[in-house]
Amino acid sequence: MATRLRARSRERGHPIQTGRDGVWYWEHDREPDDPTQRLIADLLGIPPTAVDERPWPEWLSEDPAQRPTPRPWTLLGASQSLTELTRGAMGVTRRELVLISGGTLTAALLNWLTADPVAAGQLTTGQRIGEAGVAKLEARAQELRERDDEDGGGTVLAEASSALALVNGIINQRTYTDAHGARLYAAAADLARQRAAALFDTRGDCADGTFLTALRAARVAGDDALGANVLAFWCVSAYNTGRLHDADDMATAALAAVRGRTDPRVEAMMHSRRGRARAHLGDARCWDDFDAAETLLARADEQQDQAPQWAYWFDRAEILGARASSHRDMGQHDRAETEFTAADELLGPTTVRTHAVYLCRMADAQYAQGELGPVFN
């Protein structure tokens, strides 16, 4: 990279002396100056307008070599994407970690919202799979979701990857009814979403390629609420890796997909996710989102809603925790401590992971206020 940049700089009449160390620093949070950024864009074939419109390093996502493989939002496109992902089911491929941001992200979200896939026909090789087999795969996905509550992503990552490879093999090698096919793709979407969430949990990676594959599978399953759930988790990975505007876009797209068309618990979840994204941006509209989430959740509880099973974990403790985290992000540590305490008191005995997270964040808030006693006693 350094050698090519030096050569390109000489061609452009503004020679630079960047070496390996300089490139290393750019990869570790040091921002190159504006002329050097323009040289990098020139070398990578990125339009110079991207440098003007977006900060470093976000505009690097416009690199043509980093864009995801273009595929239609159809059964065939989802099948190809799942197969590519599960070829290396136990490892992390380059495609999983490709950055899908800015204009590329906007196009993906728009296509997901408006796509109307036409079935490409049943994949007719192999033996037909029936209700018992499909139900077993769905139960496996549910079991892994619940295990994450206690053990976190380190335990789930390998098993979700293996289960995803199994589902993909069945999709491609067995026959099934249209109804069972939709459920198989829904299971694949959820397992891919679990895998991506576990990659963030264990390695701090925002696995855009995996999330996008999950979104494709949810589209083929005809389940926009499940797709919105994928976006909700993608949003978390994005705002925790510094991609704050992308996270806001993801949560807004999720809300557009479910508003008024699904169970109020699911819609409340999407408001809460957007609230967190906006809090990271310092956007005071986050409190409106949390208020909307509270109202929708109360309606869901009154109606004894029939929310999808994957939404089982979203309750008042989650909204309080989201509010508390947002107060902490905005430097309101006293309010953060109060709401973390209230949220933690509502947690059940199996939510070990969330309990640990809330205790750590409560300790942060106490420390910020100089309250060392409760932390160390």
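Predicted model: local features only at pLDDT ≥ 70, side-chain atom pairs only at ≥ 80, totals over all residues.
Helices here are DSSP runs of at least four residues, numbered from the N terminus.

The largest pocket holds about 1100 Å³ of space. It's lined by 43 residues, and the ones closest to its centre are Phe233, Arg273, Glu318, Arg353 and Thr354. Sort the lining by class and you get 18 nonpolar, twelve polar and 13 charged residues.

Now pick up one of those lining helices, α9, and look at its packing partner. Helix α9 covers residues 178–203 and α10 covers 208–220; the two pack at an angle of about 160°, with axes 8 Å apart. Angles over 145 degrees count as roughly antiparallel, so α9 and α10 are roughly antiparallel to each other. Their crossing is left-handed. On the α9 side, the contact includes Tyr185, Arg193, Arg195, Leu199 and a set of alanines, among them Ala188 and Ala192; from α10 come Thr210, Phe211, Ala214, Ala217, Ala218 and Val220. By class, that contact has twelve nonpolar residues, one polar and two charged.

Another lining helix, α13, leads on to a second pair. Here α13 (residues 264–280) packs with α14 (residues 286–302) at about 165°, and their axes are again 8 Å apart. That angle makes α13 roughly antiparallel to α14, and the crossing is left-handed. Contact residues in α13 include Pro264, Arg265, Glu267, His271 and Arg274, while α14 brings in, among others, Cys286, Asp289, Phe290, Leu296 and Leu297. This contact has ten nonpolar, three polar and eight charged residues.

Helices α14 and α15 pack at an angle of about 170°, with their axes 10 Å apart, which makes α14 roughly antiparallel to α15. Trp287, Phe290, Asp291, Ala293, Glu294 and Leu297 in α14 meet Arg316, Ile319, Ala322, Arg323, Ser326 and His327 in α15. That contact splits into six nonpolar, two polar and four charged residues. Phe290 is worth a look on screen: this α14 residue takes part in the contact with α13 and in the one with α15.

Conventions. Residues numbered from 1 in each chain as written. Heavy atoms only, no water. Axes fitted to C-alpha atoms, helices over the stretch in contact; angles between N-to-C directions. Parallel < 35°, antiparallel > 145°, perpendicular 65-115°, else oblique. Left-handed = near helix turned anticlockwise from the far one by under 90°. Contact = heavy atoms within 4.5 Å. Nonpolar A, V, L, I, M, F, W, Y, C, P; charged D, E, K, R; others polar. 1 Å grid on protein atoms, 1.4 Å probe; cavity = no way out; pocket = protein on both sides within 12 Å on 5 of 7 lines; lining within 4 Å. Points joined across faces, edges and corners; volume = space filled by probe spheres on them.
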